Amino acid sequence: DLNKSLMIDKRDRAIIEKFKELAHNKKTIAFCVSIDHADWSAQKFREAGYDAIAIHSKVENKNTGGAYQSASEIIDAFDKGKHQIVFVVDMLNEGIDIPDVECLLMLRPTESSTILTQQIGRGLRIAHNKAGVLVLDFIGNYKSSPQILTALGIHDVGEFKEDPEKGIFYYDNNG
């Protein structure tokens, strides 16, 4: 359906533009809903000039150019700084420590506070020259799933502060 593909393209462009504006040079993990979504998103970011790659259970040549034989090889390359952005599907939620990740792209919904806490935790590691983590949430299901905010220690959407100049909301947890 042409209308649907135009909507998806418009959404992809909006995500990339917001990333360029706020996180252009940041090492990033993007959480995706499916393998196709991860491959698609990585491709769109590559087309926009970013070194992006998908990590999932099906490592294929179209995604890696034949450079990797397994997801663990891609994770190791990302850890060593060989790629700026990784698009993951049900990976890197737990048991991984890549402290210099400075940005998280939330591209999949979840109603699980455990999964969300694990995903946010990927960016909360302390690293030299790292001031914090930027979470770009393109799903916003905290509005319909209040347990998401509660898991983060936020009890009211009103606790978010708006920066109208940047078009973002943020939560200051006092460090």
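Buried means under 20% relative accessible area, with a 1.4 Å probe and protein chains only. This is a predicted model, where local features need pLDDT of at least 70, side-chain atom pairs count only at pLDDT 80 or more, and totals for chains, interfaces and linings use all residues. Residues are numbered from 1 along each chain as its sequence is written, and side-chain values use heavy atoms, leaving out hydrogens and water.

Now switch to cartoon view. You will find six helices and seven strands. These are DSSP runs: helices (H or I) have at least four residues, strands (E) at least two.

Next, select 35-47. This is helix H2, with 13 residues. Which residues of H2 are buried? They are His-37, Ala-38, Asp-39, Ser-41, Ala-42, Lys-44 and Phe-45. Step past the helix to Gly-49, where phi is positive, near 100 degrees.

A cavity is a set of points on a 1 Å grid, over the protein atoms alone, where a 1.4 Å probe fits but cannot get out. The count is one cavity of 30 Å³ or more. The largest cavity holds about 70 Å³, a volume filled by probe spheres set on the points.

Select its lining, the residues with an atom within 4 Å of a point. Arg-11, Asp-12, Ile-15 and Ile-16 are among them, as are His-37, Ser-41, Lys-44 and Phe-45. Helix H1 (2-23) and H2 each supply at least two lining residues.

Methods:
Expected span 1.5 Å × (residues − 1). Buried < 20%, exposed > 50% of the residue type's maximum accessible area, 1.4 Å probe, protein only. 1 Å grid on protein atoms, 1.4 Å probe; cavity = no way out; pocket = protein on both sides within 12 Å on 5 of 7 lines; lining within 4 Å.
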